[in-house]
Amino acid sequence: MFIYITKRLLWVIPTILTVLLLLFSLSYLLPGDPADIILGPRATPEMAAELESRLGLDNPWYQSYLIYLQNIIKGDLGTSIFRDRSVLKVILDVLPYTVILTLAGMGLAVFNGISIGLLAANYNNSYFEKFLTMLSFITASTPTYIAGVLLIVVFSVNFNLLPSIGIGDGGLLDSIHHLIGPALALSVGWTGYIARLTRSSMLETLDQEFIQTEKSFGIPRYYILYKYALKKAIKPIIAVIGLGIGRLLGGAVFVEVIFNRPGLGRLIVDSVNERDLPLVRGGVLVAALLFVVANLIADISYAYFDPRIKQK
Amino acid sequence: QDDSLNIAIPGRAQTLDPAYLQRVLSDWPVMNSIFNGLVKYKPGTFEVVPDLAKEWEISEDNTEITFQLKEGIEFHKGYGEFTAEDVKFSFERIIAEDANSPEAQSFINLERVEVINQYTVKLILTQPMGRLFTSTLPFNAGLIVSKKAVEEMGREKFASNPIGTGPYVFEEWDVNNNITLKRNDDYFEVGAEYGEIVFMPMSDPTSQELALQSGEIDIGQLTLDNFDQISQMEKFEAEIYPDLAIQYVAFNTSKEPLNNKKLREALRYIINPEEILIGAFAGKAERANSILLEDMTGYWQAPDFKLEDVGEDYVWNLLAEAGYPEGEGLELEYVTDANEERRLIGALIQDQLSRFNIDLNIEALEVGPKIDRWQDGSYDITYARFTNTVDPGYNFQWNLSEQLGKWNLFHWSNKEYDNLWQEAETTLDSNLRAENYKKMQQLMNDDSIGIWVTHGVKTPAWITEIEPVFSPDGVILPWLISNSEE
Amino acid sequence: MPDKILKINNLAVEYRNKGKYLRVLQDINLELDSGEILALVGESGSGKSTLGKTILRLLPDSARIAEGSIFFKGKDICNLSEKDFNDQIRGQEMAMVIQNPQNALNPVFKVGTQILDVLYFKSKKQKSRKELKKEAVEILKKVGISDPEYRFGEYPHQFSGGMKQRVMLAMAFISNPSLLIADEPTTALDLTVEAQILNLLSNLVDEYKTSILYISHDLGVVAGLSDRIAVMYAGRIVEVAQTRELFDHPNHPYTEALLKCLPDYQKTEELQTIPGQVPDLDNYPPGCNFHPRCSYSFGRCRQEDPRLEEIASEHFSACFLNDR
Amino acid sequence: MALVEVKNLKKYFVNNDGLLYKLANKGPIKVKAVDDVSFKIEKEDTLAVVGESGCGKTTVARSVLRLIEPTAGEILYRGRSINNFDKQELKVFREDAQMILQDPRSSLNPRFIVEEIVSEPLYIHDQIKDDLNLLDRVWELLDLVGLSKRYSELFPHELSGGQARRVGIARALALQPEFIVCDEPTSGLDISIMSAVLNLMKKLQQEYQLTYLWISHNLHEVRYISNKVAVMYLGKIVEITDTDTIFNNSVHPYTEALFSSLRGINDDWNYKEREIIQGEVPSPINPPPGCSFHPRCKYSFDKCKKIEPELKAVEAGHLTACHLYN
Amino acid sequence: MFKSQKFFRFQKKSARVIKIMKKDYKAYLGGSVIMLILISAIFAPLIAPADPYKTNVTKRLEGPSLQNLLGTDSLGRDILSRLIYAARPAVLVSFGGIIISVIIGIILGLLAAYVGGILESIILFIFDVIRAFPPIILILVLLSIIGPSLLSVIVILGVTIMPRYGRVVRAETLSEKEEDFVEAARSLGADNSRIIFKHILPNIFASVLVLSGMDMASMIMWEAGLSFLGLGLQPPLSSWGVMLQESYQYIQTAPLMILWPALAIMLTMLGFSTFAESLRVALNPKLNQEV
Ligand SMILES: Nc1ncnc2c1ncn2[C@@H]1O[C@H](COP(=O)(O)OP(=O)(O)OP(=O)(O)O)[C@@H](O)[C@H]1O
Ligand SMILES: Nc1ncnc2c1ncn2[C@@H]1O[C@H](COP(=O)(O)OP(=O)(O)OP(=O)(O)O)[C@@H](O)[C@H]1O
Ligand SMILES: [Mg+2]
Ligand SMILES: [Mg+2]
Ligand code: NI
C-alpha cells in the first residue's frame with residue numbers, strides 16, 4: 001500500500017512539472033499583445049515595458065521558466081496584474097469557497113445518488129425502479145448551468161425561497177442558506193450518475209455468490225444489504241467520487257458565475273478574460289493541483305476498498 | 001441593518017488609488033466617496049464648483065492657476081490635516097517619470113505644482129490646458145490623496161487602503177471583492193446619511209436585477225428589457241440616464257473595399273441604427289448623432305442617412321457606382337468580441353446587409369485577438385464602445401493620425417483633423433474649442449467613416465425607501481443618498 | 001415421522017426467463033433422516049443447486065416455488081415469513097456451503113469478520129464479538145487452518161481455494177445446523193485437499209449427528225461418503241437408493257448409463273456414451289425427460305411422466321420399465 | 001526419433017513491478033513455474049501430465065507450443081528445436097501442432113460465432129477456396145465432434161460447457177494436425193459428455209494417428225486415455241512411466257499419496273480409515289529447500305531437507321526423483 | 001461470394017443487437033431523440049418554418065403564437081427555427097469531437113499497449129498531463145489561446161476527452177492480450193495484425209462505443225456551457241448554448257425563452273446517454289439474457 005502510494009506520488013511530479021511548463025508557455029501562446037489587452041487605451045510605452053518584465057517576457061524563455069519555477073518553489077506565484085495583490089493570496093482568499101461548494105455539491109450528489117440507487121436496487125424490476133432510473137438519467141442529463149438557471153427561476157424569482165446570489169453575510173446559517181442553491185445545481189449531474197452506478201453495482205454485488213453464503217448462514221437482510229453488499233458495491237462509486245470532485249471543480253465555474261459567488265472557477269474565468277496572466281497561471285495551477293490530489297485520493301481510497309491492491 | 005446600503009457595481013473594482021483608476025464603472029463611484037478633488041461637478045450636473053479649494057485665480061497667459069484651499073480639513077484615520085503639500089504630492093506623483101500612471105495624459109501640460117503656503121498652491125503649466133477644469137480636476141486625476149499615507153504604505157498597499165478626505169472612510173475589501181465604507185463623521189460638509197455602504201461587484205445585469213428583487217442589494221442596474229416591468233413595481237424605483245460613452249459602427253477606411261467612400265455611404269444607408277437600438281437596447285437607448293452628448297461643448301449633429309428618405313434604388317445605385325451592382329460579390333468582415341450585446345448587433349447588421357445581397361462574416365473573438373485585429377486593421381466593419389469624459393479633447397483623440405495602428409478604428413488619417421484637435425487642446429477659449437470640435441465632426445461625417453449609434457444608457461434602480469442622487473451620466477453619488485421615509 | 005428431519009413433497013420450482021416461467025424442478029420427493037448423508041448427483045444443470053437453494057430459500061427473485069411443500073422437523077417452512085425463516089432456520093437449523101469456493105466469501109471483508117458475524121447472529125446477538133472471537137479462532141483451528149489468530153485478520157484473496165472451503169466449513173460448524181447442504185464443496189480442489197475436506201465433513205456428522213445433503217457429480221467420492229444417493233436428471237429425481245444398492249443394482253436407465261460411461265481407474269473397457277443432449281430447460285420433451293436418449297424407451301415414455309416408485313426396499317426409481 | 005522432446009525446460013515468471021517494487025522487495029519475485037523438466041513423446045503416444053493445481057502443467061504445455069519463451073531448455077519437434085524456427089517454419093509448426101486450452105469457454109472469442117471460431121485457422125493458413133466450401137468444412141468438423149449444423153450460428157455463451165469444449169476440439173482439428181496438446185480437456189464437463197469427449201479423442205487418435213500431450217487432474221481419465229504418465233509436483237517431474245506401472249507400482253511418496261486419494265465407485269472404502277496427506281501445497285514463489293515434497297512426506301529424512309533428488313530410473317522406463325530409491 | 005458470407009454474419013450479429021434493443025424502452029427514447037436531432041440538423045432548411053437569421057425588431061420577445069410556434073427572441077427571430085438550425089453545430093460538435101478523440105485514442109492506446117517501453121510511458125504521460133486539468137478549465141484556457149470557433153471547439157473537446165479512450169483502449173488491450181482466446185488465436189498462428197483487428201479491437205469496440213455515447217452527451221453539454229460563458233460557438237452560428245445565454249437576461253420577462261434551449265440540451269443529452277446505456281447492454285453478449 002505504501003509503495004503503491006509513493007509510486008503514485010512520484011508519477012505526479014513530472015506531470016506537475018509539465019503542467020507548469022504549459023502554464024508558463026501561456027504567455028507566449030495567448031494571442032494579442034499582453035500589454036495592450038491588459039492596459040487598454042490608457043497605456044504608455046513605459047507601462048508596457050514594466051508589465052512585460054513583470055510577465056517575464058523580456059528574458060529568453062528558458063531563463064524565465066527557471067525563474068518561474070524558482071518562484072513557485074518559494075511559494076511565489078507572482079502578482080496579479082489588476083489586483084495589486086499576490087496571486088497566492090488572491091487564490092487563497094477564494095479557494096475555501098470553491099472547496100466548500102465542491103464538497104457540498106459532492107456530498108449532496110453522493111447522498112442523493114446513493115439513496116436513489118439503493119432504492120432502485122431494492123425495488124428492482126418494479127415501475128418504481130423504472131421511474132427512479134429515468135429520474136437518474138434525467139438528472140444526469142442536466143448540465144450544471146441549466147440546473148442553476150432553473151433553480152434561480154423557480155426558487156428565487158418565483159417563490160423567493162432561496163437567495164439568488166452571493167455567499168451571505170458571513171453568518172453560518174446565512175452561508176448555508178446561500179449554499180443550498182449552488183450546491184444543488186452543482187450536484188444534479190452527478191446525482192444521476194452516482195444513482196445509476198450505485199444501482200448497477202449493488203445489483204451486481206447482490207447477484208454474487210458470497211451474498212448467498214451470508215444469507216445461508218442466517219445473516220439478516222438489512223445487514224447484508226448495508227454492510228456486506230454496500231461495502232463491496234461502493235468501490236466503483238468511490239473511484240468515481242474522486243473523479244467527480246475534479247469534474248465538480250470544473251462545474252463550479254458555472255455555478256460561481258451564475259450565483260455570483262467568489263471562487264476559483266470564477267477567478268479563472270475572469271482572469272482569462274482579463275488576460276491577467278499571473279493569475280491565470282496561478283489559478284489553473286491550483287485547480288490542476290486540486291484535481292490531481294482528488295484523483296490521487298480517489299485512487300488511494302479505491303485501493304483501500306480493494307484489499308487486493310491494498311496488500312501490494 | 002437600516003443604516004447600511006448595498007450598492008452593486010458592474011464588476012470587481014481594481015484599485016482605489018485615483019492615480020491608477022482602471023475601470024471607470026466600478027472603481028470610480030468608490031473613489032468618489034473616499035476622496036475629494038480641488039473642484040467637483042455640482043451634483044446632478046457637469047458644472048464645476050469648488051470642493052477642497054475655496055477659490056482660484058488663472059493667470060493671463062492661462063498657464064498658472066493659484067488655488068486657495070479650505071482650512072481645517074482632516075484626512076481619514078488620523079492622517080493629519082489636508083494642506084497644499086498634499087495637493088502638490090497628489091498631482092506630481094501622477095506626472096513623475098517612474099509613476100506609470102495612466103493619468104499622465106490628463107496632466108499632459110502640467111510642469112510642476114508650487115506650494116505657496118499651507119493653504120495656497122499653484123499649478124504651473126507649460127501650455128494652456130483645455131481639459132484641466134472640464135475633466136482632469138473634477139475627475140479621478142484631480143482627487144487628493146494623503147501624502148503621509150502614500151509615503152507610509154507605499155503605492156501597492158495604498159491601492160487597497162485608500163486615505164482621503166471624503167464623506168466615506170474605507171473600511172474593508174473582502175474576498176468577494178465587496179468594498180465596505182463607513183461614514184466619515186468629521187466630514188467638512190454635510191455628512192452622509194447612511195453609516196455604511198457596501199459596494200458589491202455583479203458583472204451581469206441579470207444578477208443585479210435578481211439581487212435587487214431578493215433584497216441582497218439596494219441599488220443596482222436593471223436589464224433594459226425588464227426596466228419597465230420592474231420600475232413599475234411598488235418596491236422599486238428606476239430611472240434611465242444617458243451614458244457618456246460613445247458606441248459606433250466603424251468602417252475600415254484604409255482597406256479594400258471600404259476604402260471606397262461611395263460604398264461607405266451606401267452602408268450608412270443600409271445599416272439602420274434604430275433597429276440596433278430596439279434589438280440590442282430594447283428601445284431604451286437614445287440615438288447618438290455625435291461623439292458628444294447634446295449639451296456638451298462642440299456638439300454637432302451629424303445628418304441621419306435614412307433609407308426611407310432616399311429609397312432603395314438610390315442605394316442600389318450607390319452600390320453599382322462603387323462597383324458592386326446588385327451587391328454581388330461583396331463580402332465584408334465584421335470583427336467583434338464575445339460580448340453578447342455586440343453579437344446581437346452583429347447579427348442585426350448581418351441581416352440588414354443581406355437585404356442588399358451583401359455578405360457579412362461575423363468573427364467574434366476574444367478581447368485579445370480582437371484588439372490585435374483592430375490594430376492591424378484586418379477587418380472591414382467593427383463595433384466599438386469608447387468611454388468618454390466630459391472633456392471633448394479626450395474623446396476626440398482616438399481618431400488622430402498618431403493613433404493609427406493603435407485605437408483609431410477607422411484607420412482614418414486627416415491632417416486637418418489633427419491640427420484642429422491640437423489647437424483646441426491648448427486653449428481655454430471654449431468658443432474656439434467648440435468650433436474646432438464641430439469642424440472635426442464634419443470632417444468625419446464627410447468621409448462617412450462610420451455611424452454613431454448611441455451613448456448607451458444606465459438604468460439604475462433602487463428600493464423606494466431611499467432617495468439616491470446621480471450624476472448626469474447615471475453614476476451614483478453615494479454620500480447624497482437620503483432616506484425617503486423620514 | 002419424527003425421525004425425518006427433512007421432507008419434501010411434490011416440489012416444483014420455476015424460473016422466470018424472458019417473461020416465461022420455466023420449470024427447473026418437477027415432482028421432487030425426498031426425505032432425509034437425521035445424521036444421514038444423502039448425496040444428490042446428476043448432470044450439470046439438472047437442478048441440484050436449485051434444490052439446495054430452494055430448501056434454504058436462497059433462490060433469486062426470478063424464481064418461485066410453483067407447487068409442493070417442504071417440512072423441516074415436521075414444520076412447513078414454506079409458509080414462514082422471510083424474517084422468521086432468517087431468525088429461526090438459516091444459520092440456526094440449516095446452513096449451506098455454496099458451490100464455488102472462490103466466490104463464496106466476500107472479498108472486501110476480513111475472513112474473521114465474516115466468521116464473527118455468523119457467530120454473532122447465531123448467538124442471537126447475545127454475546128459480544130470480543131467474546132466470540134475466541135470461539136471463532138478455536139473453530140478455525142479445528143478445520144485445520146494453521147495460525148488462525150493471524151489468518152483471522154486476512155482477506156479471502158489471501159486464502160487458497162482449499163482454505164476458503166475450510167472457512168466455509170468452519171462457518172457451518174459454528175452454525176452447528178441440524179441440516180447442512182454442501183453444494184459441490186470439493187470441485188476445483190486438488191485430490192489431496194479434497195480428501196482433507198471430506199474428512200472434516202465426516203467428523204461433523206460424527207460429532208453432532210448433522211444431516212448432510214451432499215451435492216456432487218463425482219460418483220467416486222459419493223460412493224464412499226454417502227449413505228444414500230439420489231440421482232437427478234433434467235429437473236427430476238429419477239432414482240433414490242442406498243449407496244451400495246444403487247451402484248450394484250442401478251435401476252433407472254439413466255443411472256445405468258451414467259455408471260457405464262464414467263471413466264474409472266478400475267475398469268479398462270471402452271467407455272459408453274449417452275447419445276444425444278441434455279434437453280434445454282425451455283424445451284423439455286413430453287413424457288419422461290430421458291426418453292430421447294434412452295435405449296429402452298417405448299410408447300408410454302413419450303406420453304406420461306413416470307413417478308418415483310419403490311421398486312425394492314428403500315429403492316425408488318421413476319421408470320415405466322418397472323411397471324412392465 | 002521422438003515426435004516431441006523436451007530437454008531441461010525451465011520457466012520462471014518474474015514479477016517485476018518496476019524499480020520501486022524491486023527496491024522495496026530486494027529483488028524481483030521469481031515464480032519457478034517449471035523447473036528443469038525433461039521428457040519425450042513418441043509418435044501416436046499419449047503422455048498424461050498429472051499433478052496438483054499450480055504445479056506447472058499448463059506452463060509446460062504453453063512452452064511446448066512456443067506460446068511462451070522458456071527461461072532455459074530446449075524443445076525439439078521432430079528433432080528440430082522449435083525455438084529457432086523462423087517465421088515460415090513456425091507457421092508450418094502452428095499447422096501441425098494444436099492446443100485445446102484449459103478453459104473451454106474463455107478460449108473462444110465471445111464476439112465470434114462458432115462458424116468463425118472453427119474457420120479461423122483455415123483463414124489464417126489460407127486454406128479456404130470459397131464460401132460454400134468453408135461452410136461445408138465447418139459443418140464437417142462440427143459433425144466430427146458431434147455437433148449439428150445449427151451450432152455454427154451460435155455464440156460461445158449460448159453453448160454449454162461440453163459444447164464449447166467440442167468447438168475447441170473442432171478448431172484444433174481443422175488443420176488436421178498431428179500433435180495436440182490437451183490442457184484438462186474434460187474439466188468442467190458433464191459426466192455424460194466427458195465420456196463422449198474421451199471417446200472422441202481416442203477415436204480421433206486412432207483414425208488420424210494423433211499424438212497427445214494430455215494434461216489432467218482426473219486420474220480415472222488418465223487411466224483411460226494415456227499410455228504414459230508424468231507426475232508433477234511444484235514445477236518438477238517426480239515420477240514418469242507407463243500408465244499401468246504408475247497405477248500398480250508407483251514409487252514416489254507423492255504419487256502414492258495422490259493415488260491413495262483416488263476413489264472408484266466400486267472401492268469399498270470408508271473415509272475414516274484412510275490416511276490423508278496433511279498440509280497445503282507450498283507456494284512456487286518460495287519452495288522448500290531440498291526435496292520440495294518433504295514437508296508433507298511421511299518418509300522424509302535429513303537428506304530430503306537439504307539435497308534435491310534427481311530424476312533417476314528405478315527400472316527401465318520408470319524414472320523417479322526420490323532419495324528413497326537412490 | 002466470400003464477402004457475402006461475412007456480410008451475412010454481420011447481419012446476423014447486428015440483428016441480434018437490434019432484437020435486444022427493440023425490447024428496451026431506453027433504446028426507443030434514445031434512438032428517437034438522436035433521429036430527431038439528426039433530421040433537424042440535416043434537413044434544417046426544409047423543416048424550419050422561418051429563416052433563423054431573419055430579424056424583425058418590431059416583433060421582439062413575443063410569446064408562442066401560430067406564426068412563431070415557440071415565440072421570438074430579442075431580435076424578433078423565430079426561436080423554433082433557430083432551435084432547429086442549432087442542431088447542426090450540436091451534431092458537428094458531438095460527432096466531430098468524438099471521432100477525433102476515438103481515433104487518436106485508439107491509435108495511442110494500441111501503440112502503448114502493443115509497443116510498450118518508452119513509447120508507452122510517453123503516451124501515458126501525455127494522457128496524464130491532459131488529465132491533470134479539470135476538463136472545463138483546460139478547455140477554457142485552450143479556447144482562449146486558439147480563439148473560439150466551431151472547429152476549435154471540436155478539436156479542443158476531442159483532445160480533452162481523448163485520454164479516456166487512450167486509457168480504456170490500452171487497459172483493455174492489455175487485458176484482452178492475456179485472454180485465453182487471444183492465446184488460442186496465437187497458437188493457431190495468427191499474427192499481430194490479425195489479433196489486433198479481429199480479436200482485440202472488436203472486443204474493445206463495444207466499450208468504446210458505449211463510452212462515446214456518453215461522451216457525446218457531455219460534448220454537447222460543454223459546448224453549450226462554453227457558449228453560455230460567451231466562449232463557445234460564434235455567430236452567425238447559433239447553438240443551444242448561445243441561445244441559452246441570450247435568453248438568460250430575459251428569465252423574468254420571457255422565462256419560456258430559456259426553457260427551449262435548455263430542453264433541447266437536456267433532451268439531447270438524455271437521448272445519447274440512454275441510447276448508450278441500451279447499447280451497452282445489447283452489445284454485451286453475456287448481458288443479453290435478461291432485458
Ligand atoms: N437464476 C436463474 N435464472 C434462470 N435459470 C436458472 C437460474 N439459475 C439456474 N437456472 C437454470 O436452472 C437449471 C438448474 O440449475 P442448477 O444450478 O440447479 O443446476 P445444477 O444441477 O446445480 O448444476 P451444476 O452441477 O452445474 O451446479 C439450469 O438449467 C440453469 O440454467
Ligand atoms: N503469466 C504468469 N505470470 C506469473 N506467474 C504465472 C504465470 N502463469 C502461471 N504462473 C504461475 O506459475 C505456476 C504454474 O502455473 P500453471 O498454470 O502452469 O499451473 P497448472 O499446473 O496448469 O495449474 P492448474 O491445474 O490450476 O491449471 C502457478 O503458481 C502460477 O501462479
Ligand atoms: Mg450447482
Ligand atoms: Mg493449468
Ligand atoms: Ni442572505
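Reply: In this predicted model, chain B and chain C share no contact, and their closest C-alpha atoms are 45 Å apart. The relation of chain B to chain D is also one without contact, the closest C-alpha atoms there lying 44 Å apart. Elsewhere chains do meet: eight pairs of chains touch, and the pair formed by chains A and E has the most contacts.

Chain B does have a contact with chain E, to which 26 residues of chain B and 26 residues of chain E contribute. The size of an interface is often expressed as the accessible area that is lost when the parts come together. For chain B and chain E the buried area is about 2400 Å², and carbon and sulfur atoms provide 50% of it. On the side of chain B, the residues that lose the most area to chain E are Asp225(B), Glu340(B) and Arg343(B), which together account for 24% of what that side buries.

Chain B also takes part, with chain A, in lining an open space. The second largest pocket has a volume of about 1200 Å³. Its lining consists of 47 residues, and those closest to the centre are Gly168(A) and Asp169(A) from chain A, with Asn6(B), Met200(B) and Glu216(B) from chain B. The largest share, six residues, is that of H8(A). By class, the lining of this pocket comprises 18 nonpolar, 14 polar and 15 charged residues.

Rolling a probe the size of a water molecule over the atoms shows where empty space is left. The second largest cavity has a volume of about 140 Å³. It is lined by 16 residues, of which Arg83(A), Val94(A), Leu267(A), Val175(B) and Asn177(B) are the closest to its centre. Helices H5 and H11 (264-274) of chain A are the elements that give two or more residues to this lining. Its residues divide into five nonpolar, three polar and eight charged.

Chain A itself contains 13 helices and zero strands. Of its 312 residues, 58% count as buried. Among the contacts in chain A with a separation of 6 or more, 76% are between residues 24 or more positions apart. One residue may illustrate such an arrangement. Leu20(A) belongs to helix H1 (residues 2-29) of chain A. Leu20(A) is classed as buried because its relative accessibility, 6%, falls under the 20% limit. Leaving aside residues up to four places away in sequence, Leu20(A) touches Tyr65(A), Tyr68(A), Leu69(A), Ile72(A) and Leu285(A).

The magnesium ion (ligand 4) is coordinated by OG1 of Thr58(D) and OE1 of Gln102(D), at 1.8 to 2.3 Å. These two residues are 44 residues apart and come from distant parts of the chain: Thr58(D) from helix H2 (residues 57-64), and Gln102(D) from the loop between strand S6 (97-100) and helix H4 (114-124). Thr58(D) is partly exposed, with a relative accessible area of 24%. Gln102(D) is likewise partly exposed, at 32% relative accessibility.

Most residues other than glycine have a negative phi, and most peptide bonds are trans. In chain B, the peptide bond from Glu256(B) to Pro257(B) is cis, with omega near -10°. Pro257(B) lies in the loop between strand S14 (246-251) and helix H8 (261-270) of chain B. Glu326(B), which is not a glycine, has a positive phi of about 60°. Its place is the loop between helix H11 (312-321) and strand S15 (331-337) of chain B, and at 48% relative accessibility Glu326(B) counts as partly exposed. In chain C, Arg57(C) has a positive phi near 55°. Arg57(C) is located in the loop between helix H1 (48-55) and strand S4 (63-72) of chain C.

Conventions. Residues are numbered from 1 along each chain as its sequence is written. Chains are lettered from A and ligands numbered from 1 in the order in which they are written. This is a predicted model: local features need pLDDT of at least 70, side-chain atom pairs count only at pLDDT 80 or more; totals for chains, interfaces and linings use all residues. Side-chain values use heavy atoms; hydrogens and water are left out. On a 1 Å grid over the protein atoms alone, a cavity is a set of points where a 1.4 Å probe fits but cannot get out, and a pocket is an open set with protein on both sides within 12 Å along at least five of seven lines; lining residues have an atom within 4 Å of a point. Grid points are joined across faces, edges and corners, and a volume is the space filled by probe spheres set on the points. Helices (H or I, at least four residues) and strands (E, at least two) are DSSP runs, numbered from the N terminus. Ala, Val, Leu, Ile, Met, Phe, Trp, Tyr, Cys and Pro count as nonpolar, Asp, Glu, Lys and Arg as charged, and the others, Gly among them, as polar. Contact means heavy atoms within 4.5 Å. Donors are N, O and S atoms within 2.8 Å of the metal (3.2 Å for Na, K and Ca); water is not among the atoms, so sites may look incomplete. Buried means under 20% relative accessible area, exposed over 50%, partly exposed in between (1.4 Å probe, protein chains only). Buried area is the accessible area (1.4 Å probe) that two parts lose on being put together, summed over both.
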